[in-house]
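Here are my notes on the model you sent over.

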Amino acid sequence: MARKFFVGGNWKCNGTTEEVKKIVSTLNGGDVPSPDVVEVVVSPPFVFLPLVKTTLRPDFHVAAQNCWVKNGGAYTGEVSAEMLVNLDIPWVILGHSERRSLLKESNDFVGDKVAYALAKGLKVIACVGETLEQREAGSTMEVVAAQTKAIAERVTDWTNVVLAYEPVWAIGTGKVASPAQAQEVHSELRDWLQANTSPEIASTTRIIYGGSVSGGNCKELAAKPDVDGFLVGGASLKPEFIDIIKSAE
Ligand code: PEP
């Protein structure tokens, strides 16, 4: 079954109201392939979600960058899945490497979050990826398989999951994975899904690549058969995000 190309823009902890309005205006004016060809989701910081949601073109959607692992309550500083649903935010990014490393989110914690968010009706961009040290030690697949397993143990319906392979050494460094490196891991992840979930889940789940994707390198990456799109950080704040979306064609 054909997997629709997916392009996510992770704005991380960036932006002022004025800057956000400017990015939205650039996106709204962009000439991009139809939503039948590419699904586009941008993820501003929580505080800008309502602004972006109400001003963004209707063929693009929004994602939160995180949500709490269970229902809200006495969890100062957290935002619950229920709140995102209440605000009609359809997507959430979970397990981003910055949260795994800086905030010590474990595989199990991320797995719990993914399961909870899905149960509440959110769609999830679930991130996995190895550090440079782990790659150099030859344990890339072991690491991403363990991260994916923590999700697979808790989730049976993968319809609303996009798996983002984001090698930590490529995020925000300008050192993009080569198309062959990305394809190798994506293909092994698909094999892992085939062996550990089902052939149907393996063939339909979109596996997107993230890590220093730019207007200049996206086409070659997108040409690989198991690269079903991108999660873009730095370049999603710039006009070249439009070129990245166009790599779907
Ligand atoms: C990211 O934050 O998910 C990311 C891939 O960042 P960048 O594109 O800046 O490497």
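1. Serine 212 sits in the loop between strand 7 and helix 10 (218-222); helices (H or I, at least four residues) and strands (E, at least two) are DSSP runs, numbered from the N terminus. Its phi is near 60°, a positive value in a residue other than glycine. Most residues other than glycine have a negative phi. Serine 212 counts as buried because 20 other C-beta atoms lie within 10 Å. The cut-offs are 20 or more other C-beta atoms within 10 Å for buried, 12 or fewer for exposed, and partly exposed in between, with C-beta atoms placed from the backbone.

2. Before going on, please keep in mind that this is a predicted model, where local features need pLDDT of at least 70 and side-chain atom pairs count only at pLDDT 80 or more, while totals for chains, interfaces and linings use all residues. Residues are numbered from 1 along each chain as its sequence is written.

3. Lysine 104 also has a phi near 60°, again positive in a residue other than glycine. You will find lysine 104 in the loop between helix 4 (97-102) and helix 5 (107-119). Is lysine 104 buried or exposed? Lysine 104 is exposed, because 8 other C-beta atoms lie within 10 Å.

4. Now to the barrel: eight strands close in the order 1-2-3-4-5-6-7-8, with parallel pairing (two strands pair if DSSP finds at least two bridges between them). From one strand to the next, the twist averages 25°; angles run from 0 to 180 degrees between N-to-C directions, and axes are lines fitted to C-alpha atoms, for helices over the stretch in contact. Helix 8 (residues 179-196) packs on the sheet and touches strand 6 and strand 7, its direction making about 150° with that of strand 7. Helix 7 (residues 140-152) lies across strand 5 (123-128) and strand 6 (161-165), running at about 155° to strand 5.

5. Strand 8 pairs in the parallel sense with strand 1 (residues 5-10) over four bridges, and with strand 7 (residues 206-210) over two bridges. Opposite phenylalanine 230 stands valine 7, opposite glycine 229 stands phenylalanine 6, and opposite leucine 231 stands glycine 210. In a regular strand the side chains alternate between the two faces of the sheet. In strand 8 (residues 229-232), Gly229 and Leu231 point one way and Phe230 and Val232 the other, and all are buried.

6. Which residues come nearest to the ligand? Ile171, Gly172, Gly210, Gly233 and Gly234 do, out of 14 residues around the ligand (near here is a C-beta atom, placed from the backbone, within 6 Å). The shell has five nonpolar, seven polar and two charged residues; Ala, Val, Leu, Ile, Met, Phe, Trp, Tyr, Cys and Pro count as nonpolar, Asp, Glu, Lys and Arg as charged, and the others, Gly among them, as polar.

7. The largest nonpolar core has 75 residues, of which Val7, Val92, Ala117, Val124, Ile125 and Ala126 touch the most other members. Such a core is a set of buried Ala, Val, Leu, Ile, Met, Phe, Trp, Tyr and Cys residues joined through C-beta atoms within 7 Å. Not counting residues up to four places away in sequence, the contacts of valine 92 include Ala63, Leu84, Ala117 and Val124 (contact is C-beta atoms, placed from the backbone, within 7 Å).

Terms used: Contact = placed C-beta atoms within 7 Å.
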